[in-house]
Structures are given as structure tokens and as C-alpha cells.
Amino acid sequence: MENELFEKMPIGKAYMKLALPVVFSSVLTLVYNMVDMFFVAKTGDTNIVAGVTLCGPIFTLLIAMGDIFGLGGASVISRLFGMKKNEDGKRLSVFCLDGCFVFGIFVAIVLLVFQNPVLHLLGVNAETMSAASSYYFWIALGSPLVILALAPTNLLRTEGHANAAMVGSVTGSIMNIILDPVFIFGLNMGAAGAAIATVLGNVCADIIYVWFICHKSQWLSMSLRGFHISASEVKDILAIGIPSSITNIMQSIGVMLLNNCLLPYGNEKIAAFGIVSKITMIVVMIMVGFSFGGQPLYGYLYGAKLKERMRGCMKYAYTLVLGLAIAMSVILALIAPFMISIFMSDESMIATGAPMLRAVLLGMPFIGFTMVSTCVFQSCGKPLPALILSAGRQGVFYAVIIFMLRALFGYTGVIFAQATSDIFTAFVAYILLKNTVLKEIM
């Protein structure tokens with residue numbers, strides 16, 4: 001264990017050493033997501049763009065499944081490392097790493113069996129069915145391999161191996177970018193090609209993670225030899241992992257709500273939102289990297305009861321993430337039409353997408369505050385506040401707000417619903433933070 005990093009290194013330096021590889025991985029993830037949409041959009045078929053957009057919640061759902069084992073395990077394991085219980089942390093890593101793959105097989109079976117009902121639930125219609133069903137099939141089939149690629153990125157950082165986590169993520173992203181044009185255009189597979197490229201990129205990441213854990217890691221393992229775990233330990237992991245996963249599950253639900261609310265206004269609006277969502281990921285993924293990059297540090301400091309250092313770490317994170325969110329949102333809002341035109345130069349698409357992009361960007365600083373708060377709650381083993389924020393922003397709060405604003409303002413209300421929900425959730429996050437973690441570390 002790198003106690004120097006966690007206990008003695010200056011806060012800014014320690015935080016950046018853990019966070020920057022995550023940020024870099026997040027940026028590469030952002031790039032391949034944008035490249036996916038770029039190549040799909042270059043087919044020039046609005047229905048293909050809309051079909052892939054409608055299936056977006058499925059990939060987000062897989063991320064949520066990986067978070068159960070990745071973020072849940074990282075929270076518990078980092079606290080065990082902080083208490084010098086390294087062997088216990090190693091034991092639990094076996095459950096997280098092997099368990100996510102087994103669970104992924106179950107998820108794949110469910111998604112494939114219920115493909116048609118799920119597609120209709122996503123809002124797929126006759127025009128978008130062909131593209132959506134082909135994209136959905138390959139993502140569902142590759143579910144175990146996608147989910148397996150998600151847990152190690154969090155667990156490796158608990159041992160201080162942020163660079164190894166980055167290498168796996170970056171390699172997977174680069175392979176996805178290379179394979180996209182090959183499958184989409186070279187093999188003329190369209191939406192299916194984008195999905196296959198995504199799955200194969202995750203397979204490359206899997207290979208790197210498994211090799212590193214088996215040959216280089218000291219306190220993480222996938223070996224079942226002598227493995228045992230108690231019900232209470234499983235409960236501890238799930239108590240953090242499930243609320244963590246709900247963030248992405250609710251994001252899937254939120255996107256489905258939005259897609260269905262946009263459906264009466266035409267497939268062009270859904271296609272425009274697909275492009276907007278990729279652009280706003282520029283801000284979101286960078287915030288994710290800087291917010292959750294510090295998770296091992298929070299967990300270690302909380303477990304070691306280093307209160308002053310914990311306060312300094314939180315202050316640093318909030319200042320950094322909010323500042324970045326404001327700066328990036330302003331820049332993207334100013335060049336909104338240009339950003340939309342990168343994907344599709346159609347004038348009507350630009351006219352639709354630019355105001356939609358600006359509306360969503362209004363909520364970014366508030367998302368940043370909520371992200372850091374959620375990460376702190378997860379790291380400190382506070383499942384209820386994490387659950388409230390996870391279930392709220394794009395779930396309960398968002399559902400109430402989008403239906404209310406749609407009834408009052410129609411289409412305009414729909415596109416401003418996300419920012420409104422972000423503002424409300426940040427306020428709730430502040431109240432929860434003030435009455436839980438801050439009381440304990442002051």
C-alpha cells in the first residue's frame with residue numbers, strides 16, 4: 001500500500017495523482033463515445049442516429065451493473081486498507097471481480113429474452129426499429145464483457161494503481177475508435193457495427209485488467225482458492241454498490257423519459273438530443289474523473305480517521321470540479337451551433353440542437369456539486385444519502401419536474417427539465433452533506 005500517497009503527500013498532489021489517470025480515461029471514454037456518434041451521424045440517416053440514441057440507456061444500465069461491484073467494492077476495500085486490513089480487502093476483491101462477470105451473464109440472458117418489450121419501452125418505433133434492434137442485440141450479447149471491464153477501474157485505484165486502471169480504459173477506448181469505421185462503413189454494418197466495436201473495445205480492456213491483477217497486484221485477486229465471504233460483507237458492498245448503480249439506472253430511466261417526451265415532436269428531436277448528450281459528456285466525463293478520482297483517498301482518510309486531511313481533500317475537490325464545470329459550460333454554450341454542426345451540418349438539426357445544448361449546460365455546475373457529494377457519501381459508507389441523490393437527480397426528482405414542466409411549457413419545459421432537476425438535487429446534496437459527513441469530520 002502507498003501510505004505516503006494517502007497520508008503524507010500534499011493534498012493537491014495526492015488528489016491529482018489519483019484523479020488525473022481517471023480523468024484521462026474519462027476523456028478517452030468521452031472521445032470514443034463522440035466518435036461513435038460521429039460515425040453513426042455520418043451515415044446521414046436520422047433514423048439510425050435516433051435508433052442508437054434510443055438504445056443509449058441500455059449501455060448506461062450496464063455501467064450501473066458494473067458500479068455495484070466496482071464502486072461498492074472500492075468503498076469497502078479502501079476503508080479496509082485504511083484500517084490496515086489488507087487480507088480482508090483482497091478477499092472481497094475476489095467477490096467483486098468474479099461476481100461482476102457472473103452477474104453479467106445473467107444480465108445478458110434477461111436482455112436477450114426480453115429484447116422486444118425493452119425496445120418498445122425505450123421508445124423505438126417502426127422507423128427506428130431496424131437500427132435500434134441491431135445495436136441492442138450486440139450490446140446485450142456482450143454484456144458480461146462490458147460489465148467485467150467496469151469493476152477493475154475502481155478497484156485498482158484502492159491499491160494506488162490509478163495508472164494501470166487508465167491503461168486498460170485507454171486501450172479499450174482506442175480500439176473502439178479504430179474499429180468503429182471498420183465495422184460501420186468498411187463492413188457496412190451500420191448501427192450493429194458501432195455496438196460490436198464497443199464490445200470489442202471492452203474485451204481489450206478486460207484482457208489488460210485481468211493480466212495486471214493476476215501478475216502485478218499485491219492486494220487484489222481473482223483467484224477462488226480459499227475464497228470465503230460472509231453475508232455481512234456482501235451486504236456492506238451492496239449497501240454502497242446498489243445506491244451507486246442507481247445513479248446510472250436512474251440516468252437510463254431519465255433518458256427514456258426524455259425520449260418518450262420528445263417522441264411526439266418527431267424523431268429529429270430525439271436525434272438532436274443524441275448529439276447533445278454526447279457533447280455535454282465533455283463536461284460530465286471530466287467532472288466524473290475529478291469527482292470520483294478521489295474516492296480511494298476519501299475512503300482511506302475516513303477509515304484512518306484523518307479528519308483534517310479529509311476536510312482539505314473535500315474542499316479541494318469541490319473547488320476544482322465546480323470551477324471546471326462553469327468554465328467548460330460557458331465555452332460550449334458560446335459555440336453551441338458549431339458543436340452540433342460537427343456531427344450533422346443540416347440547418348434544422350443545428351437550429352434544434354443548439355438551444356437544447358444550452359439548456360442542458362445550465363445544470364452542469366450543480367451536477368458537479370452533486371457528483372463530489374455522492375462520491376464522499378459512497379467512500380464514507382453512507383448508503384442512504386448516496387441513494388437519495390442517486391435516485392433523485394434523474395429519477396424521482398426528474399420525473400416529477402419533466403412532467404410538470406411539459407404540462408406548463410410544452411417542448412421548452414421538456415428541454416429545461418434536466419437543468420431544473422440538477423439545481424434541486426444540488427440543494428438536497430448540500431443539506432445531506434451538512435447533516436452527515438461534515439458533522440463527523442469537523
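**Helix 9 and what follows**

I started at the end of helix 9, where G160 comes next with a positive phi, near 90°. Helices here are DSSP runs (H or I, at least four residues), numbered from the N terminus, while strands would be E runs of at least two. This is a predicted model, where local features need pLDDT of at least 70 and side-chain atom pairs count only at pLDDT 80 or more, though totals for chains, interfaces and linings use all residues. Residues are numbered from 1 along each chain as its sequence is written, and side-chain values use heavy atoms, with hydrogens and water left out.

Then I looked at helix 9 itself, residues 151-158. How many of its 8 residues are buried? I got 7, so helix 9 is largely enclosed by the rest of the structure. My cut-offs: buried is under 20% relative accessible area, exposed is over 50%, and partly exposed is in between (1.4 Å probe, protein chains only). The buried ones are A151, P152, N154, L155, L156, R157 and T158.

Leaving out neighbours within four places in sequence, S93 is in contact with L155, I77, W219, L220 and S221. Contact here means heavy atoms within 4.5 Å. S93 counts as buried because its relative accessible area is 0%.

I searched the whole structure for salt bridges and found 1. The rule was a side-chain nitrogen of Lys or Arg within 4 Å of a carboxyl oxygen of Asp or Glu. Which side chains meet in it? They are those of E233 and R91, at 2.7 Å, N to O. The pair links distant parts of the chain, with E233 in helix 12 (residues 231-262) and R91 in helix 5, 142 residues apart. Both partners are buried.

Next I went to the surface. A nonpolar patch there is formed by F101, V102, I105, F106, I109, V110, V113, F114 and L145, with about 800 Å² of accessible area together. Areas are Shrake-Rupley values with a 1.4 Å probe, and for residues only the protein chains shown count as cover. For a patch, residues need over 30% relative accessible area and no salt bridge; nonpolar side chains (Val, Leu, Ile, Met, Phe, Trp, Tyr) are joined within 5 Å, like charges within 9 Å. Helix 5 gives the largest share, 7 residues, and F106 is in helix 5.

**Cysteines**

How many disulfides are in the whole structure? My search found 0, the test being a pair of cysteine sulfur atoms within 2.5 Å. I checked C214: the closest cysteine sulfur is in C100, 13 Å from its own, so that is too far for a bond. C261 counts as buried because its relative accessibility is 2%.

M37 is in helix 2 (residues 11-41) and is buried, at 2% relative accessible area. Not counting residues up to four places away in sequence, M37 touches V49, T53, G274, I275, K278 and F343. I also took the C-alpha to C-alpha distance from M37 to M129, which is 18 Å across 92 residues of sequence.

I275 came up again with S341: the two are 66 residues apart in sequence and 9.8 Å apart in space, C-alpha to C-alpha. S341 sits in helix 16 (residues 336-343). A polar atom of the S341 side chain lies 2.6 Å from the backbone oxygen of F338.

G51, in helix 3 (residues 46-54), is buried at 0% relative accessible area. Leaving aside neighbours within four places in sequence, G51 is in contact with T128 and A132.

T370 lies in helix 18 (residues 364-379) and counts as buried at 5% relative accessibility. Beyond residues up to four places away, T370 touches L389, T425, A426 and A429.

I finished with I207 in helix 11 (residues 190-215), which counts as exposed at 57% relative accessibility. The C-alpha atoms of I207 and I242 are separated by 26 Å, and the two are 35 residues apart along the chain.

How values were computed:
A polar contact is a pair of N or O atoms within 3.5 Å; within protein, one must be able to donate a hydrogen and the other to accept it, and residues adjacent in sequence count only if both atoms are side-chain atoms.
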